[in-house]
Amino acid sequence: LNWETFDKLDCTRFGVSYDKKPLRFKGSYKYTSGAKFLDGSAYPVIEEIKGKKDECSIQAVLYKITNDDDVLTGNNINTSDKRVAVAALKDGSDKEKFTDFDLEFNYLQAYEVGAKYKLAIVCSSSKEGDFFKGAGGSTLILDELEIIGE
């Protein structure tokens, strides 16, 4: 295994079968960003980005599949044309106390009754982690996650 050419983002495979039309994504979280924001996208070179603060990411993604083996990965969970609806937290800044969220699903394309779908809940203590950017020590704690569907 050649670690430098290994596609690390392809290892994250998101989604479970879901047979309802999701309407809302609810839950509670608290978040503390780490002290130093680092850019590791040009690994082995890691650069500190002074003045930049890490943010968390909390989202749910509904996507259309043709067979049960279809998945979205870290490479395409945010960009795939298979995505049908997304509910995403806009404010990923520090929250000292548990903070409730109630997010409406934004439909990118029409929901088709009878089609096959998967739903992924994707949460990260570093919003740009898929680009190997973030602060070590960032901490995201989640509670009571809930998807409300029709």
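In what order do the strands of the open sheet run? The order is β2-β11-β6-β8-β10, with 5 strands and antiparallel pairing. This is a predicted model, where local features need pLDDT of at least 70 and side-chain atom pairs count only at pLDDT 80 or more, while totals for chains, interfaces and linings use all residues. Residues are numbered from 1 along each chain as its sequence is written, and side-chain values use heavy atoms, with hydrogens and water left out.

**The sheet**
- At the edges sit β2 (16-17) and β10 (106-107), each pairing on one side only. Strands here are DSSP runs of E, at least two residues, numbered from the N terminus, and two of them pair if DSSP finds at least two bridges between them.
- β6 and β8 are antiparallel partners over 5 bridges.
- Across from Val 86 in β8 stands Val 61.

**The nonpolar cores**
- The largest nonpolar core has 18 residues, and Phe 25, Tyr 29, Ile 58, Leu 62, Leu 89, Phe 101 and Phe 105 touch the most other members. Such a core is a set of buried Ala, Val, Leu, Ile, Met, Phe, Trp, Tyr and Cys residues joined through side-chain atoms within 4.5 Å; buried means under 20% relative accessible area, exposed over 50%, partly exposed in between (1.4 Å probe, protein chains only).
- Two or more residues of this core come from each of β3 (22-32), β6 (57-65), β8 (83-88), β9 (95-104) and β11 (116-124).
- Another core, of 9 residues, lies apart from it and includes Tyr 63, Ile 65, Leu 72 and Ala 120.
- Phe 101 is in contact (heavy atoms within 4.5 Å) with Phe 25, Lys 26, Gly 27, Ser 28, Tyr 29, Ile 58, Leu 89 and Leu 145, leaving aside neighbours within four places in sequence.

**The largest pocket**
- About 370 Å³ of space lies in the largest pocket.
- It has 22 lining residues, and Ser 57, Asn 78, Val 122, Lys 127 and Asp 130 are the closest to its centre.
- β6 and β11 each give at least two residues to the lining of the largest pocket.
- A pocket is an open set of points on a 1 Å grid over the protein atoms alone, where a 1.4 Å probe fits, with protein on both sides within 12 Å along at least five of seven lines; lining residues have an atom within 4 Å of a point. Its volume is the space filled by probe spheres set on the points.

**Ala 35**
- Ala 35 lies in the loop between β3 and β4 (37-42), and is exposed, with a relative accessible area of 81%.
- Beyond neighbours within four places in sequence, Ala 35 is in contact with Ala 135 and Gly 136.

Notes. Helix = DSSP H or I, 4+ residues; strand = E, 2+ residues; numbered from the N terminus.
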